[in-house]
Amino acid sequence: MTSDSTSPLRLVVCINERLSTGQRSCVGSGNLDYIAEIKNMIEADNLPIPVIERECLGKCGFGPIMRIAPGGEIFTEVNYDTLEEIISELKRLLLE
Ligand code: FES
């Protein structure tokens, strides 16, 4: 249940790739793996949170980047531990 939601909450993830330029990018830093995993986690917990893929969230030097919208926390240097934090924050926000 990651694309059909009645909740205004969503998770925005960066799918920008700059592998040939030598510049840091979220995909170059492994974000596709983290995106796949967090989609699995959202589905496993049956959270009504769509995952929205965007090309660059403007924090390239701190990627991988994920952001809770609207107006939520920006998670930088995402890793597998961060994914648990994101899920916890989404659950907390869903209860508000
Ligand atoms: S490449 Fe992900 S924020 Fe720019």
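Two residues are taken to be in contact if their C-beta atoms, placed from the backbone, lie within 7 Å, and a residue is called buried if 20 or more other C-beta atoms lie within 10 Å of its own, exposed if 12 or fewer, and partly exposed in between. Helices (H or I, at least four residues) and strands (E, at least two) are DSSP runs, numbered from the N terminus.

The model is predicted, and local features need pLDDT of at least 70, side-chain atom pairs count only at pLDDT 80 or more, while totals for chains, interfaces and linings use all residues. Residues are numbered from 1 along each chain as its sequence is written.

In helix α1, the buried residues are Asn31, Tyr34, Ile35, Ile38 and Ile42. Seen down the axis of α1, these residues fall within an arc of 100° (taken from the directions from the helix axis to the C-beta atoms), so they line one face of the helix. They pack against β1 (10-14), β2 (51-54) and α2 (80-95), whereas the face turned away from the buried side carries the exposed residues Ala36, Asn40 and Ala44. Glu85, which is placed in helix α2, counts as partly exposed because it has 13 C-beta neighbours inside 10 Å.

Two strands pair if DSSP finds at least two bridges between them, and the table gives two such pairings.

| Strands | Sense | Bridges |
|---|---|---|
| β1 and β3 (residues 66-69) | antiparallel | 4 bridges |
| β3 and β4 (residues 74-75) | antiparallel | 2 bridges |

Leu11 stands opposite Ile68 in β3, and Met66 has Phe75 in β4 as its bridge partner. In the hairpin of β3 and β4, with 4 residues between the strands, Gly71 takes a positive phi near 65°.
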